[in-house]
Amino acid sequence: MKSFFLAAASAAAVLSISGAALAGEIDPVKIGQHVQVLASDDFQGRGPATEGELKSVAYIEAQYKALGLQPGGDLQKDGTRAWTQDVPLAKFEIKGPVAVSVKAGKDTLNWTQGDEVALRAPSTGADHVSIKDAPIVFAGYGVEAPERKWDDFKGMDLKGKVVMVLVNDPDYYAGKGDFGGKAMTYYGRWTYKYEEAARKGALGLLVIHETAPASYGWATVKNSNTNSIFDIIRDDPSKVHPLLEGWIQHDAAADILKRAGLDYEALKKQAQTRAFKPVVLKGVTFSTDYAVDVEKIVSKNVVGEIVGAKRPDERVIYSAHWDHLGVGLPDAKGDTIYNGAVDNADGVATMMEIARAFTTEDKKPDRTVMFLAVTAEEKGLLGSEYYAANPLYPLATTVADINMDALSASGPAKDFSTSGNAQLTLQDDLIAVGKEHGRYYSPDPRPEAGSFFRSDHFSFAKRGVPAISFDSGEDLVNGGREAGEAKSKEYVTNRYHQPADQFDDTWNLEGMAQDGDLMFELGDKLANSDEWPVWKDGSEFKAERDKTADQRN
């Protein structure tokens, strides 16, 4: 445990190394120092329910204390607040070898976990998965959307069957249609597809991987799905999880379809229409067998705040997830630690710098400002989901959530963005702050990636709280958009959810600091005003927020 104490002891020291930043300004040196600690091998990839969690939580808590924040976590018996919120989770982990095979006519194809498929430990509570010769069904995009008059299942009985579906939405390739065009809806998310398979009674569901519509390569899929799986504690997990969940390589899916006398590209084209009907792969069956460890654990959200001087019950929340993937499968170099420097040590580091900026102000803000470091984002936004479902303070009087996740280390940019293009005045406020700094807003450059549903702000948004997740810009001061897009592509291809996402002392963190300045000023304006940001007409989240309008003055 020596390294644990070293990590905790270094917490206060980090704050004193650089005094270059003025009051209310974000210091890139301090950001880098925080990232270097959080993304070090010593923190073992910051996996929930590991020693890496203990170190991460201790480090963040120590930083909050050193900054003079107040604890804002669980209410204790003596009436005081803890620094953390307990997040009870179920943890599922495959134990031992994974046997996977497909029978196609007279042939038996023996597949390898991580190569042809990436099977997840089941979230149903089962301690063993044993599937023998299950029929396989190709079910298009796996969508049933009555409001769009869309049904990929057409009443087929899926009990006892393994379903294969395409990733993303039916509109992805055409860029127009019943699902709003290129921008992904929730129907395109793999989480929805698993949920729908469970509702249909399917034995399992495999998402067919293609890099462009998935927005990431197979390495990301493999690394994200073959390690520990977490979920919130559910009364009946089988209502939202089939027994088998996972992904299948494009080439493997196309091969077994061909062996069944079907053409992958032709079926994909048909699946983009309402007329599509699910197809059973004749003569092709799926088998797998593996054991599973199941346990209940308690992870931690870390909560610090500056209590408002005038309206302490009204809160502006800054959020960032502290977790990453922990230790997993080795990469080509044999590295097994998924350090998560960009994703999301830099988000936590920037949030802590924003907190420091607030503490250097001449006076306390009128409203309370909370700094919420959440757990298990990588496992499905579980820490933020738990907070939003079990809020420490009323969501009705939560002014906004400003989330940060995987900010760019590529240097200053002329622009900035958000994850998805949200229909709310909070985004307008951010754009106005950006203009004051000579920066312009770029709409989400990859709406087809469904990023609005992939960051912790979504847990707040779906409950009506105005929420955005800040994204760094790609129009770099040095090199322009071409350079920025190339750097983003390089990160997604070579480092995202891979052991290579490590701290690099050649990073230019000036841009990250400038991003922090924008988020600080946005929150500062909200914390010292009477404004309540709102969802605009047409937003799917407006009605939920409007239900509590009488609780806001």
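Student: Which residues does Tyr 387 touch, leaving out residues up to four places away in sequence?

Tutor: Not counting residues up to four places away in sequence, Tyr 387 touches Gln 85, Asn 301, Ile 317, Met 370, Leu 372, Leu 392, Tyr 393, Leu 395 and Phe 460. Contact means heavy atoms within 4.5 Å. This is a predicted model, in which local features need pLDDT of at least 70, side-chain atom pairs count only at pLDDT 80 or more, and totals for chains, interfaces and linings use all residues. Residues are numbered from 1 along each chain as its sequence is written, and side-chain values use heavy atoms, with hydrogens and water left out.

Student: Which members of the largest nonpolar core touch the most other members?

Tutor: Tyr 387 is one of them, together with Tyr 64, Trp 247, Tyr 318, Ile 354 and Phe 371, in a core of 100 residues. Helix H9 (residues 341–359) gives the largest share of this core, 11 residues. A second, separate core has 47 residues, including Leu 109, Trp 111, Val 162 and Tyr 187. A nonpolar core is a set of buried Ala, Val, Leu, Ile, Met, Phe, Trp, Tyr and Cys residues joined through side-chain atoms within 4.5 Å. Buried means under 20% relative accessible area with a 1.4 Å probe and protein chains only; exposed means over 50%, and partly exposed lies in between.

Student: Changing topic, why does Asp 231 count as buried?

Tutor: Asp 231 counts as buried because its relative accessibility is 4%. Asp 231 lies in strand S10 (residues 229–232). Helices (H or I, at least four residues) and strands (E, at least two) are DSSP runs, numbered from the N terminus.

Student: And what does the side chain of Asp 231 join by a polar contact?

Tutor: The side chain of His 241, at 2.8 Å. A polar contact is a pair of N or O atoms within 3.5 Å; within protein, one must be able to donate a hydrogen and the other to accept it, and residues adjacent in sequence count only if both atoms are side-chain atoms. Beyond four places in sequence, Asp 231 touches Leu 89, Ala 90, Phe 92, Ser 123, His 241 and Leu 382.

Student: How many residues of helix H4 are buried?

Tutor: In H4 (residues 190–199), 7 of the 10 residues are buried: Trp 190, Tyr 192, Lys 193, Tyr 194, Glu 196, Ala 197 and Ala 198. Their cover includes strands S6 (144–145), S8 (162–166), S9 (204–209) and S11 (244–249). Gly 201, with a positive phi near 80 degrees, follows H4.

Student: How many cavities of 30 Å³ or more are found?

Tutor: The search of the whole structure finds 2. The largest holds about 60 Å³, and its lining includes Trp 190 and Trp 247. On a 1 Å grid over the protein atoms alone, a cavity is a set of points where a 1.4 Å probe fits but cannot get out, and a pocket is an open set with protein on both sides within 12 Å along at least five of seven lines; lining residues have an atom within 4 Å of a point. Grid points are joined across faces, edges and corners, and a volume is the space filled by probe spheres set on the points.

Student: How much space lies in the second largest pocket?

Tutor: About 350 Å³. Of its 23 lining residues, Glu 93, Asn 227, Ser 228, Val 327 and Gly 328 are the closest to its centre. Strand S2 gives the largest share of this lining, 4 residues.
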